[in-house]
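Here's a quick tour of a protein model, written for someone who likes the cut-offs spelled out. Have the sequence and the coordinates open as you read.

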Amino acid sequence: MEDIQQEVFNAYEVIKNGGIILYPTDTVWGIGCDANNPEAIKKIYALKKRAESKSMIVLVNERIFHRVFNSPPAVTWDILDCSEKPTTLILDNPKYVAKEVVSADNSLGVRIVEEPFCFRLIEKMKSPLVSTSANISGEPSPANFSEISKEIIEGVDYVVNLRQKDTKPAKPSTIIKLKDNSLVTIIRK
């Protein structure tokens with residue numbers, strides 16, 4: 001039987017020491033680290049062979065969301081309340097995250113998680129968790145753990161031992177960009 005509490009502890013120990021993890025999210029499997037650790041973020045870019053100009057998202061709980069975005073557009077909560085699946089919002093002017101995860105236009109993708117492992121890990125970290133799909137940049141996102149490449153699995157410091165046998169294909173989140181003036185752009189449905 002899977003032990004979420006033990007896996008949260010294991011992942012937290014790796015993250016607090018600057019490591020990167022491979023873990024299940026409420027969408028696809030992700031590669032992650034502390035969003036306030038520039039060196040760990042650079043490890044993820046290197047592993048994914050991804051240009052640092054391409055930003056990554058962070059996962060948060062509601063409390064940490066308010067720390068990173070203390071004045072989100074009013075429509076933020078309406079969009080999240082109406083969402084039928086996990087939704088990533090790209091918002092302007094994030095705070096308390098490393099500049100390495102912030103886009104050149106000073107925006108950041110953020111998703112409030114409900115998935116139990118991620119939620120508990122973020123609670124323990126008291127910080128946003130970087131989340132990027134578990135693939136080499138330009139390759140398809142794996143639909144489940146069995147599709148993750150050996151290079152990614154061997155390139156992280158810890159692989160979370162939860163949901164690895166799931167066969168139901170996971171789907172990426174909806175992505176919506178919200179400007180401070182409440183202009184809404186749907187990037188991915």
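## A loop residue to start with

I136 sits in the loop between β6 (129–133) and α6 (150–155); helices (H or I, at least four residues) and strands (E, at least two) are DSSP runs, numbered from the N terminus. With a relative accessibility of 8%, I136 counts as buried. Here buried means under 20% relative accessible area, exposed means over 50%, and partly exposed is in between (1.4 Å probe, protein chains only).

Skip the neighbours within four places in sequence, and I136 is in contact with L47, K48, K49, E151 and I152, where contact means heavy atoms within 4.5 Å. The C-alpha atoms of I136 and R50 are separated by 7.5 Å, although the two are 86 residues apart along the chain.

## Ground rules

This is a predicted model, so local features need pLDDT of at least 70 and side-chain atom pairs count only at pLDDT 80 or more, while totals for chains, interfaces and linings use all residues. Residues are numbered from 1 along each chain as its sequence is written, and side-chain values use heavy atoms, with hydrogens and water left out.

## The overall picture

The protein has six helices and nine strands. Its C-alpha trace spans about 45 × 35 × 30 Å along the principal axes. For 189 residues, a compact globule would have a radius of gyration near 16 Å, and the 15 Å of the protein agrees with that (taken over C-alpha atoms; the globule rule is 2.2 Å times the number of residues to the power 0.38).

Of the 189 residues, 49% count as buried. Among contacts with a separation of 6 or more, 70% come from residues 24 or more positions apart.

As for records, an unreviewed UniProt entry carries the annotation "domain: YrdC-like" over residues 5–189; such annotations may be inferred rather than shown by experiment, feature names are shortened, and positions are given in the numbering used here. That span is 29% helix and 21% strand, and its end C-alpha atoms lie 33 Å apart.

## The nonpolar core

In soluble globular proteins, nonpolar side chains tend to be buried together. In this model the largest nonpolar core holds 54 residues, and I21, L22, I31, F117 and L121 touch the most other members. (A nonpolar core is a set of buried Ala, Val, Leu, Ile, Met, Phe, Trp, Tyr and Cys residues joined through side-chain atoms within 4.5 Å.)

Take L22: beyond its neighbours within four places in sequence, its contacts include W29, I31, A134, F145, I152 and V160.

## Rings

A search of the whole structure turns up four aromatic pairs. Rings of Phe, Tyr and Trp (its six-membered ring) pair if their centres lie within 6.5 Å; planes under 30 degrees apart are stacked, over 60 edge-to-face, and the rest tilted. Y23 and F117 have ring centres 6.3 Å apart and planes at 45°, so that pair is tilted. Since Y23 lies in strand β1 (residues 21–23) and F117 in helix α5 (residues 116–125), the pair ties together parts that are 94 residues apart in sequence. Both Y23 and F117 are buried.

F65 and W77 make an edge-to-face pair, because their ring centres are 5.1 Å apart and their planes are at 70°. F65 is in helix α3 (residues 62–68) and W77 in helix α4 (residues 75–82), so parts 12 residues apart in sequence get tied together. F65 is buried at 1% relative accessible area, whereas W77 is partly exposed at 27%. Ring pairs link F65, F69 and W77 into a cluster.
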